[in-house]
Amino acid sequence: MESTASARLDQAEERLQPLILDLDHTVINTDLLYESVVVFLRREPWQFYKLGLWLMKGKAHLKEQLSRRVELDIEHLPLNDDLITYARWEAENGRPIHLATASHESIAHRIAERLDFIDEVHASTGTVNLKSATKAAHLKERFPEGFQYAGDSMADVPVFAAASQAILVHPSERMERAAKATADVKTVFPREKPTLKFGVKVLRLHQWAKNALLFVPLILGGLSLDPTAWMAAFAGFIALGMMASATYLINDLWDLDADRAHWSKKFRPLASGRLGITTALGLIPLGIGGSLALGAAIGGDVVLALLVYLAATLTYSLYLKRVPFLDTAMLASLFTLRLGLGVVLVDVPPSPWLFVFSMFLFLSLSLAKRYTEVIRNGHKGKSKTIHGRGYTEGDDPVLMAFGSASGVAAVLVMVLYLTNEAFNATFYSMPVALWGLPVVLFLWLGRIWLMCQRQLLDDDPVVFAVKDRPSLALGGIMGLFFIFAWLGGQIG
């Protein structure tokens, strides 16, 4: 009986011990210091040198200065739902819940307001960086009767050692071993193991489908049977894909706030916190460096084309995406640059008709993408201005008008291209079959805009096309028309 009573007393005392939650990569799936740096650079890129000056005076000073200049979008920061559910359950059962973080106190208090079960906040100030041994000493002094602590990194090991019990959140194998060697581990929230599917999402490999445009000059230039041309084009395809993946990561870093407020983009690896900012910053130079190295192996002109693509993409991501119509014009230009790189890779004469056709076609598709965003933004009750874009609610009729007109112009330019250039090419044995191409193109663009009007289009029409069966069928029919124009006379 005495032992049972003693056990109950120990359980009661244990229940009174507060649960202390770390913040970065624990309560939230991101790091507030790097979030603040990204926002600071996005708003004042010319002031980048100040980051080094502030850091020379210590991390606490750096965080203090950033907190004065940066307003983070606290409402949309990605939360660790599993830990939040656990902590809320503990709070509902009487356990005090505290937040202890190396992030600046001004930001920590705002996050605590979002989480209504937090009783007290312990955070860094302008002079104290509340991390590792400093945090452990502070918590031991504040809670001499003991506490439970939830953390995620090696810096938390001294705090685990000082705690009565440790809760490990997404630990690495090294951190888990160190924590279990020094602390009583109560619970482990395991780290999600990286998968091939996740890697595909991080690098946006599905977007590499757009790079198939590189092969168009090869085919239209009559080099379909030239293995050397195919090898050069395929190498360029890989190089451009690596560059595109790197620039997509830059775009996602620059657009974190807008993506998190978006109905579908909030699930992207960076926006959701599944991919850390530091990891992205490591992948970006690898992608750009690998792309340029492969381009240099192909030829100097390819490197120049890749650099032009990089400059255009950065201009779009950092500025033009927020300027109405200039954003869609730049997107169309990026698609057309792919054709230009294809011309450079296989060394065929450039076709002005092909480039003009590309501009009108992809301008139409880019406007369809913006039209969808405007419509969905209004239907989901968001603000009248689309976050991170220059469009507002009510712009959809203008977007549809210009987008539909651009699509019709693309069909017209294709007809002019056929009559002025394609029919004169010597490698077509039955060029009359090419007349089927503008008809199918008209049907496909009509479907795209009909899906827009019915609000059935995904955010990206190109991605929609590679998943949509009617679109794939129309693409197959266009391919058959082209093959018949090329080989039909020989077959007959």
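A search of the whole structure finds 20 salt bridges, a salt bridge being a side-chain nitrogen of Lys or Arg within 4 Å of a carboxyl oxygen of Asp or Glu. The structure is a predicted model, in which local features need pLDDT of at least 70 and side-chain atom pairs count only at pLDDT 80 or more, while totals for chains, interfaces and linings use all residues. Residues are numbered from 1 along each chain as its sequence is written, and side-chain values use heavy atoms, with hydrogens and water left out.

- Side chains of opposite charge can pair when their charged atoms come close.
- Asp-257 and Arg-42 form a salt bridge in which the closest N and O atoms are 3.0 Å apart. This pair links distant parts of the chain, with Asp-257 in helix α13 (residues 256–260) and Arg-42 in helix α2, 215 residues apart. Helices (H or I, at least four residues) and strands (E, at least two) are DSSP runs, numbered from the N terminus.
- Asp-257 is buried because its relative accessible area is 11%, and Arg-42 counts as buried at 18%. Buried means under 20% relative accessible area, exposed means over 50%, and partly exposed lies in between (1.4 Å probe, protein chains only).
- Glu-120 and Arg-142 meet through their side chains in a salt bridge of 2.7 Å, N to O. Glu-120 is in strand β3 (residues 120–124) and Arg-142 in helix α7 (residues 133–142), 22 residues apart. Glu-120 is partly exposed, at 26% relative accessible area, and Arg-142 is also partly exposed, at 36%.
- The side chains of Glu-192 and Arg-274 form a salt bridge of 2.8 Å, N to O. The two residues are 82 residues apart: Glu-192 is in the loop between β6 (185–189) and α10 (196–203), and Arg-274 is in the loop between α14 (269–272) and α15 (277–298). Glu-192 is exposed, with a relative accessible area of 52%, whereas Arg-274 is partly exposed, with 36%.
- A network of salt bridges links Arg-204, Asp-252, Asp-259 and Arg-268.

**Cavities**

- There are 3 cavities of 30 Å³ or more. On a 1 Å grid over the protein atoms alone, a cavity is a set of points where a 1.4 Å probe fits but cannot get out; a pocket is an open set with protein on both sides within 12 Å along at least five of seven lines; lining residues have an atom within 4 Å of a point.
- The largest cavity has a volume of about 60 Å³. Grid points are joined across faces, edges and corners, and a volume is the space filled by probe spheres set on the points.
- The lining of the largest cavity consists of Leu-32, Leu-33, Ser-36, Lys-63, Leu-66, Ser-67, Ser-103, His-104 and Ile-107. At least two lining residues come from each of α2 (32–43), α4 (59–69) and β2 (97–104).
- By class, this lining has 4 nonpolar, 4 polar and 1 charged residues. Ala, Val, Leu, Ile, Met, Phe, Trp, Tyr, Cys and Pro count as nonpolar, Asp, Glu, Lys and Arg as charged, and the others, Gly among them, as polar.

**Second largest pocket**

- The second largest pocket holds about 1,200 Å³ of space.
- Its lining has 37 residues, and Leu-213, Val-216, Phe-357, Leu-361 and Met-478 lie nearest the centre.
- The lining of the second largest pocket divides into 32 nonpolar, 4 polar and 1 charged residues.
- α11 (216–220), α17 (326–346), α18 (352–379), α19, α20, α21 (461–467) and α22 (469–491) each give at least two residues to this lining.

**Loop residues**

- Most residues other than glycine have a negative phi, and most peptide bonds are trans.
- His-25 is not a glycine, yet has a positive phi of about 60 degrees. His-25 is in the loop between β1 (19–21) and α2, and is partly exposed, with a relative accessible area of 29%.
- Ser-132 has a positive phi near 55 degrees. Ser-132 lies in the loop between β3 and α7 and is partly exposed, at 22% relative accessible area.
- Asn-424 lies in the loop between α19 (396–420) and α20 (436–453), and is exposed, with a relative accessible area of 56%. Asn-424 and Ala-161 are 263 residues apart in sequence and 80 Å apart in space, C-alpha to C-alpha.
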